[in-house]
Amino acid sequence: MDMRSVSSVLLLPFQILYYTVKATLRFFLPNSRRNLSGDVVLITGGGRGIGRHLAREFARCGAKKLILWGRTEKCLKETCEEIALLGTECHYFVCDVANREEVYNQAKVIREKVGDVTILVNNAAVVHGKSLMDSDDDALLKSQHINTMGQFWTTKAFLPRMLELQNGHVVCVNSILSLSPIPGTIDYCTSKASSLAFMESLALGLLDCPGVGCTTVLPFHTNTEMFQGMRVRFPRLFPPLKPEMVAQRTVDAVRTGTAFIYLPWTMHILVILKSILPQHALEEIHKFSGAYTCMHTFKGRT
Ligand SMILES: NC(=O)c1ccc[n+]([C@@H]2O[C@H](COP(=O)([O-])OP(=O)(O)OC[C@H]3O[C@@H](n4cnc5c(N)ncnc54)[C@H](OP(=O)(O)O)[C@@H]3O)[C@@H](O)[C@H]2O)c1
């Protein structure tokens with residue numbers, strides 16, 4: 001081993017310690033936050049659900065312009081009007097993120113009509129709420145195309161300009177189900193797991209790219225239409241999150257440059273348990289919490 005390699009090996013434990021202490025302190029101390037006044041924010045699935053709350057929160061935090069994408073014009077228009085009333089310039093475009101050509105074409109239109117997107121929020125997703133055998137093949141493909149591939153196309157459309165400007169942030173609204181899947185929603189869990197791998201890979205790929213970062217948000221069950229009708233065994237013990245809280249924490253993570261957030265933070269415990277407990281013990285936790293069967297009670301959202 002040459003001298004350089006020896007010194008980097010010796011340095012590594014100190015670097016790990018330094019960044020761990022720094023992250024812990026950041027948790028307790030006030031952080032500097034990104035000023036959003038120059039940012040053009042694009043939110044996929046921005047017409048309703050968490051996306052609509054994200055639009056409100058970015059506007060409240062002073063974003064310069066908002067752009068909303070989705071398939072349903074009515075809710076995009078309503079949200080856009082609401083944001084405009086808050087005093088923030090807002091545009092909407094009907095765009096199916098699963099359709100690569102449509103994404104590239106609309107990205108071009110946005111660049112010409114609105115400007116360079118500096119914050120891209122990949123939020124759009126669907127869920128089929130059926131087991132593998134009960135799902136038809138096209139439905140299975142559709143959720144992979146929207147939830148996973150859609151991010152390939154949007155990121156390819158907007159990241160190059162962010163890199164040129166040395167100014168940008170890519171956000172993924174993922175799910176805790178990417179790390180702890182449950183049955184009855186196999187398409188969704190698979191798409192979210194590959195989307196998490198996409199973001200982990202992207203985060204490392206951006207290490208040498210000044211001014212450009214990313215954030216992945218992993219929320220627990222949230223009170224929107226997506227999992228409407230789903231009954232959990234202990235609703236008081238595991239209440240759904242409020243979408244406004246998910247939006248607030250997401251925007252704050254973008255502003256503080258936080259790479260990954262679990263919502264609520266107690267989800268860290270689940271991830272730790274998952275990595276140390278034997279499979280049978282985990283199965284008992286799933287059975288006890290009702291996560292095993294809760295998906296039988298909802299119909300999906302496509
Ligand atoms: N709700 C939860 O319990 C929960 C928990 C963890 C993570 N999440 C994640 O949070 C994100 C938002 O979910 P939500 O709860 O707000 O669900 P939602 O209310 O069903 O909203 C989904 C949004 O995605 C849009 N969308 C769906 N397919 C699209 C496509 N092909 N192209 C463009 N837009 C599309 C929908 O608009 P159109 O239908 O008009 O296209 C809608 O605006 C998702 O990524 C979801 O996986 C949700």
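Predicted model: local features only at pLDDT ≥ 70, side-chain atom pairs only at ≥ 80, totals over all residues.
Which residues does Thr 154 touch, once we set aside its neighbours within four places in sequence? The contacts are Thr 44, Trp 69, Val 97, Val 103, Leu 120 and Asn 122. Take a look at Asn 122 in that list, please. Its side chain and the side chain of Thr 154 make a polar contact at 2.7 Å.

Strand S4 is made of residues 119-122, and Leu 120, one of the contacts of Thr 154, has Val 170 in S5 as its bridge partner. S4 and S5 run parallel and are joined by 4 bridges.

To get from S5 to S6 the chain passes through helix H6, residues 186-205, in a β-α-β crossover that is right-handed.

Let me stay with S5 for a moment. Is strand S5 buried or exposed? Of its 6 residues, 168-173, 6 are buried, so the strand is largely enclosed by the rest of the structure. If you turn the model, you can see Gly 168, Val 170 and Cys 172 pointing one way, while His 169, Val 171 and Val 173 point the other way; all of them are buried.

Next topic: charges. Side chains of opposite charge can pair when their charged atoms come close. How many salt bridges does the model have? The count comes to 11, and I'll show you a few.

Here is one between the side chains of Asp 39 and Arg 34, with 2.8 Å from N to O. Asp 39 counts as buried, because its relative accessibility is 2%.

Another salt bridge joins the side chains of Arg 52 and Glu 78, at 3.4 Å from N to O. Arg 52 belongs to helix H2 (residues 49-60) and Glu 78 to helix H3 (residues 73-85), so this pair ties together parts that are 26 residues apart in sequence. Arg 52 is buried, since its relative accessible area is 18%, whereas Glu 78, at 38%, is partly exposed.

My last pair brings us back to helix H5. Asp 116 forms a salt bridge with Arg 161, and their closest N and O atoms are 3.2 Å apart. Because Asp 116 is in the loop between helix H4 (100-113) and S4, and Arg 161 is in helix H5, the pair ties together parts 45 residues apart in sequence. Asp 116 is partly exposed, with a relative accessible area of 24%, and Arg 161 is also partly exposed, at 30% relative accessibility. Elsewhere, salt bridges with shared partners link Arg 52, Lys 74 and Glu 78 into one network.

Finally, a note from the records. An unreviewed UniProt entry lists residues 39-230 as "domain: Ketoreductase". That span is 46% helix and 18% strand, and its end C-alpha atoms lie 37 Å apart.

How values were computed: Residues numbered from 1 in each chain as written. Heavy atoms only, no water. UniProt positions renumbered as here; feature names shortened; annotations may be inferred. Helix = DSSP H or I, 4+ residues; strand = E, 2+ residues; numbered from the N terminus. Polar contact = N/O pair within 3.5 Å; in protein donor to acceptor, adjacent residues only side chain to side chain. Contact = heavy atoms within 4.5 Å. Buried < 20%, exposed > 50% of the residue type's maximum accessible area, 1.4 Å probe, protein only. Pairing = 2+ DSSP bridges. Right-handed = clockwise from strand over helix to strand, strands pointing away. Salt bridge = Lys/Arg side-chain N within 4 Å of Asp/Glu carboxyl O.
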